Amino acid sequence: MNRIQKKMGWVIVLLSIALSNVGGCNFFYDFAIRNSDPAIVDDVKRLIDQQSWTVAIATWNTLSPAAQADSGNQLLLASAYAGRGGLNLMKFVTDLGSMGALPLFQFLLAEFLSPTISNFNDEVAAEAIVQGLGATAAVRTADQNVFLLFVEFAKLGTLLSFTADPLQVGTYSVGDDAL
């Protein structure tokens with residue numbers, strides 16, 4: 001009896017690992033339906049985590065119209081555009097917490113180095129997507145409004161870096177005393 005209990009214990013442990021994705025891979029990935037909307041959303045999230053912004057946007061565009069209309073999925077698309085525009089939310093929040101007495105505009109200028117017009121356009125696209133979820137802050141959720149705040153910081157930092165730091169060294173040029 002003891003030997004059977006041990007075998008059953010091992011079977012339970014192995015099944016738990018295989019079914020819970022603890023090993024870092026999906027045991028059933030090869031058998032999954034990968035073109036369903038939930039699978040595509042999962043792929044988009046994975047691509048965003050890998051910072052593959054352009055591929056994430058292209059993959060998001062393969063969602064059905066109903067899935068594209070979902071506010072959570074639209075926020076996911078806005079995240080991909082914001083990331084491609086230069087917003088790394090985790091780094092930004094960490095750096096913001098340690099900026100000390102540095103003025104906000106100088107911090108933003110240093111945070112978004114080497115911007116391009118494409119970066120700014122992607123940030124504008126992210127802003128438009130979130131604003132499309134609700135015309136006013138009262139209509140949008142708190143998460144959507146906080147995300148929009150960070151997108152606005154990214155836009156401002158990109159503009160400041162592009163105009164006030166032409167050498168891209170992280171500080172404003174002499175003569176830009178407004179910062």
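A salt bridge, as the term is used here, is a side-chain nitrogen of Lys or Arg within 4 Å of a carboxyl oxygen of Asp or Glu. Side chains of opposite charge can pair when their charged atoms come close. The model before you is a predicted one, and it holds 6 salt bridges. I shall discuss several of them.

I begin with helix H6, which spans residues 89–97. Lys91 pairs there with Asp95, and the closest N and O atoms lie 2.6 Å apart. Because these two residues are 4 positions apart in the helix, about one helical turn separates them. Lys91 has a relative accessibility of 43%, so it counts as partly exposed.

I turn now to Lys155. Which side chains does it meet in salt bridges? One is Glu127, with an N to O distance of 2.9 Å. Another is Glu152, at 3.5 Å from N to O. Here both residues lie in helix H9, 3 residues apart, which is about one turn of the helix.

Are these side chains buried or exposed? Glu127 and Lys155 are both buried. For Lys155 the relative accessibility is 13%, and the cut-off for buried is under 20%. Glu152, at 27%, therefore counts as partly exposed.

Finally, salt bridges with shared partners join Lys91, Asp95 and Glu111 into one network.

Notes:
Residues numbered from 1 in each chain as written. Predicted model: local features only at pLDDT ≥ 70, side-chain atom pairs only at ≥ 80, totals over all residues. Heavy atoms only, no water. Buried < 20%, exposed > 50% of the residue type's maximum accessible area, 1.4 Å probe, protein only.
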